[in-house]
Amino acid sequence: MSNKFQAVVIGGGPAGYVCSIRLSQLGIKTACIESRDTLGGTCLNIGCIPSKSLLHLSENFFNAKNLSNLGIETGDIKLNLDKMMKNKNKAVTILTKGVEFLFKKNKVTYFKGVGSLKSSNKISIHDKQTKKETIIEAGKIVICTGSEPISLPKINFDEKIIVSSTGALSLNSVPKKMLIVGGGYIGLEMGSVWSRLGSEVHVVEFLDHITPGMDREISKEFMKILEKQGIKFHLESKVEKIKNNNNSATVSILNKEGKKSDFKCDVVLVSVGRKPNTKNLNLEKIGIKINKNMTIKINKNFQTDVKNIYAIGDVIEGPMLAHKAEEEGIAVAELIAGQSGHVNYDVIPGVIYTSPEVASIGKTEEQLKKDNKKYKIGKFPFMANSRAKAINEAEGFVKMLSDQETDKVLGVHIIGPHAGEMIAEVAVAMEFGASSEDIARTCH
């Protein structure tokens, strides 16, 4: 097999596998290097997909337990966690194998191993099992090595008692008490799963609100709903220390009044963000600059300071979202092929798959105020929506922000049933520059 390629993609996650396939479809001889045993990156293996599986299954379990309130009588509902985890793992296996099949179908050469840069056009692939090194050459290189969870200083994940999102997806029993450090998307999704399955869940957040970066009005409503579901919040509080007692943990918390307390629990999920996987790539050695937050510096065409090397996905600035990474994967492939690839960063939706779902796109009200933009607000509660009432899911509301003069939609934020599907309609409208009146005058 020839070790010379027109393009080599380092990383086989949503950015990398989509980019590799698109490059090959555009007639470019392409190879993809992945350090895991399976393709699909964090998203398919230990992120979006397994978490969505557990969110769906745990919601079904919770709803089944409460069916008698709706006039549906059942026998005893029992949880078989082992079976639930097997179902989750089956979904992951099918999807990762699917990506491998797409590589074969699209003639992408697939290397298993850890890739690092030898020079601006040579890549070393280190096979973890055989310990062998393979050197390949590339005209263009795309770096998309993803991200990994951040821990707190001096706190190590053992993925049993002190866990990252990876460990939280594979617990072998329901913890009696679970403490989550960080009130962001991932922590609240995982908290919802284990709360529905019977765990007492506490969330410690350093700020005075949850879901940083989300429209504040939605964030407040979201926290109220989660509190009603039994999740307990400790805001403006800081975790100072976590002691692993082998079968439990003791968490030392300092609150805003300066009062210290020790919290005992079975599992601690540390969910304080993610950092780009940029170490061990030899970036600085070949002249690629890195920002303070460890992301790779790029220009508007995703090029690094070494012009034939590009970077996309979680290793560059912007939200660490699989669909954003996929968009960049297609855009960079088309740019390499001499076309005009483009990503509209103003129209990237984000969804929290709790129950109810929370979805947002575009600007928040806080961002518009900061930018001194004149805007109008339209709001509608699900309480007044017939279908939401009929299916007993009437919590939450839709909030639309539009330009005061032109009426162009600037941002939409939804908390309520099926928010993840509804935000897609807004994405289409915003991509076409719709006004809020355009959406209102479309027959639904």
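This is a predicted model: local features need pLDDT of at least 70, side-chain atom pairs count only at pLDDT 80 or more; totals for chains, interfaces and linings use all residues.
Which residues is Asn121 in contact with, leaving aside its neighbours within four places in sequence? They are Ile136, Glu137, Ala138, Ile141 and Asn308.

Now turn to helix H1, residues 14-25. With twelve residues at 1.5 Å a residue, H1 should span 16 Å, and the 17 Å between its end C-alpha atoms agrees with that. Is H1 mostly enclosed or mostly open? Ten of its twelve residues are buried, so H1 is largely enclosed by the rest of the structure. The buried ones are Pro14, Ala15, Gly16, Tyr17, Val18, Cys19, Ser20, Ile21, Leu23 and Ser24. As for what does the covering, it includes strands S1 (4-10), S2 (30-34) and S6 (133-143), along with helices H2 (41-46), H4 (81-105) and H8 (322-336). After H1 comes Gly27, with a positive phi near 85°.

The axes of H1 and H4 come within 10 Å of each other and cross at roughly 20°. That angle is under 35 degrees, so H1 counts as roughly parallel to H4. The crossing itself is left-handed. Where they meet, H1 brings Tyr17, Ser20 and Ile21, while H4 brings Val99, Leu102 and Phe103. Sort the residues of this contact by type and you get five nonpolar, one polar and no charged.

Finally, find helix H6, residues 185-196. Does the distance between its ends agree or disagree with its number of residues? Its twelve residues at 1.5 Å each should span 16 Å, and the end C-alpha atoms are 17 Å apart, so the two agree. H6 is mostly covered, with ten of its twelve residues buried. Those are Gly187, Leu188, Glu189, Met190, Gly191, Ser192, Val193, Trp194, Ser195 and Arg196. Following H6 is Gly198, and its phi is positive, near 120°.

How values were computed:
Residues are numbered from 1 along each chain as its sequence is written. Side-chain values use heavy atoms; hydrogens and water are left out. Helices (H or I, at least four residues) and strands (E, at least two) are DSSP runs, numbered from the N terminus. The expected span of a helix is 1.5 Å times one less than its number of residues. Buried means under 20% relative accessible area, exposed over 50%, partly exposed in between (1.4 Å probe, protein chains only). Contact means heavy atoms within 4.5 Å. Axes are lines fitted to C-alpha atoms, for helices over the stretch in contact, and angles run from 0 to 180 degrees between N-to-C directions. Angles under 35 degrees count as roughly parallel, over 145 as roughly antiparallel, 65 to 115 as roughly perpendicular and the rest as oblique. A crossing is left-handed if the near helix is turned anticlockwise from the far one by less than a right angle, and right-handed if clockwise. Ala, Val, Leu, Ile, Met, Phe, Trp, Tyr, Cys and Pro count as nonpolar, Asp, Glu, Lys and Arg as charged, and the others, Gly among them, as polar.
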